[in-house]
Amino acid sequence: MLLDRFGRQAVDLRVSLTDRCNLRCTYCMPEQGLAWLGKPELLTDEEIVRLVGLAVRDLGVREVRFTGGEPLLRPGLVGIVAACAALAPRPELSLTTNGVGLAKVAGALREAGLDRVNVSLDTLDAETFHTLTRRHRHQDVLAGLAAAEAAGLIPVKLNTVLMRGVNDREAPDLLAWCLERGYQLRFIEQMPLDAQHGWDRSQMVTAEEILDRLATRFALTPEPTAVRGAAPAERWLVDGGPGTVGVIASVTRPFCRACDRTRLTADGQVRNCLFATGETDLRGALRAGASDAELGELWRAAMWGKKAGAGVDNPEGIDAPQFHQPERPMSAIGG
Ligand code: SAM
Ligand code: SF4
């Protein structure tokens, strides 16, 4: 099992399939993109499946989420999903995507064994979408959402980051739109993980502000805390339910104590935390001929070294002036 010295067990594996992306969200990466990883540095499809297999068979991982960069840009995605769905024990399989191109592959992904998708959409307005992502792909994302639903990748979940003065006023409209369609919406506080180091705490739209904005139109009642478990989102029933809304308050209300995540980057590094400053190289060991037992040992050791948290109670935490941003941006770690 993947345990740490604070008694947490990692059962949820985030696998980044690529650091590349076809959007340029302002809170994530600069307009010109980044220096992408070269093909030889990326894990091959077979290497990914071997490591996921090891994680579910020997290390207690039960859920696998594919992310990036933009995971739909990975040519072998459908095959990777199918191979992971054939593992025993079979993990829950999900995908976090910007939705561009999802319309074309939603059916094939479902057939391959994908259980769910999280689609990132920050606005209902095409112009605002362009301001936020620097690309004219709003229609593509809407088509991707509809295709995901039609393919049975349900409940469709949406992730939204609010940026002050850009889309923050849209929060109630976005929620109304999602409730009408049965989509589950979660707002994510903007985190200091952008490549250009442009995050400004004073500009961040906080969970409290998001809830205040929603409360202008909806009655929100907290779901019982027991339901939250290790889920990062705190959820509220909207107008008495059954519709809900979630807020991932990574900065102002961090959930590190209940964290059950482990991460594998596209170039085969294990990270024990989104905010970790160190990594463990599984790719090097794997390509040098390490056995599954040896790789498992490296992975266990990586997780044992996980810090208590990046939260507010940590003097070097994410919301502290001394916070040290990890070298890799979110898009290269896998969000
Ligand atoms: N490209 C895919 C997408 O956008 O869904 C997957 C990768 S993206 C890094 C995963 C999630 O991280 C998205 O929901 C995105 O909005 C979110 N994200 C990116 N940068 C962020 C930041 N600085 N703070 C908070 N969330 C961020
Ligand atoms: Fe791409 Fe996702 Fe980052 Fe936007 S948030 S630039 S879609 S990786």
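1. The shell around ligand 2 divides by class into 5 nonpolar residues, 2 polar residues and no charged ones. Its members are Cys21, Leu23, Cys25, Cys28, Met29, Gly69 and Asn98. Keep in mind while reading that this is a predicted model.

2. The structure holds 1 cavity of 30 Å³ or more. The volume of the largest cavity is about 40 Å³. Its lining takes in Leu2, Leu3, Asp4, Arg8, Gln9 and Ala10, together with Cys259, Asp260, Arg261, Met303 and Lys306. By class, that lining splits into 5 nonpolar, 1 polar and 5 charged residues.

3. Strand 12 pairs with strand 11 (residues 269-271) in the antiparallel sense. The pairing runs over 2 bridges. One residue pair to locate is Val270 with its bridge partner in strand 12, Thr280.

4. Check two cis peptide bonds. One runs from Ala88 to Pro89, with omega near -5 degrees. Pro89 sits in the loop between helix 2 (77-85) and strand 3 (92-97). Another runs from Gly241 to Pro242, with omega near 5 degrees. Pro242 belongs to the loop that links strand 8 (234-238) and strand 9 (244-248).

5. Stay with the loop between strand 8 and strand 9, where Asp239 is also found. Asp239 is not a glycine, yet its phi is positive, at about 50 degrees. Is Asp239 buried, exposed or partly exposed, and why? Asp239 counts as partly exposed because its relative accessibility is 48%, and that class lies between under 20% for buried and over 50% for exposed.

6. A further backbone point concerns Arg134. Its phi is near 60 degrees, a positive value in a residue other than glycine.

7. Places to revisit in the model: the ligand 2 shell, including Cys21 and Asn98; the cavity lining, with Leu2 and Lys306 among its residues; and the loop between strand 8 and strand 9, which holds Asp239 and Pro242.

Note on methods:
Residues are numbered from 1 along each chain as its sequence is written. Chains are lettered from A and ligands numbered from 1 in the order in which they are written. This is a predicted model: local features need pLDDT of at least 70, side-chain atom pairs count only at pLDDT 80 or more; totals for chains, interfaces and linings use all residues. Side-chain values use heavy atoms; hydrogens and water are left out. On a 1 Å grid over the protein atoms alone, a cavity is a set of points where a 1.4 Å probe fits but cannot get out, and a pocket is an open set with protein on both sides within 12 Å along at least five of seven lines; lining residues have an atom within 4 Å of a point. Grid points are joined across faces, edges and corners, and a volume is the space filled by probe spheres set on the points. Ala, Val, Leu, Ile, Met, Phe, Trp, Tyr, Cys and Pro count as nonpolar, Asp, Glu, Lys and Arg as charged, and the others, Gly among them, as polar. A residue is near a molecule or strand if one of its heavy atoms lies within 4 Å of it. Helices (H or I, at least four residues) and strands (E, at least two) are DSSP runs, numbered from the N terminus. Buried means under 20% relative accessible area, exposed over 50%, partly exposed in between (1.4 Å probe, protein chains only). Two strands pair if DSSP finds at least two bridges between them.
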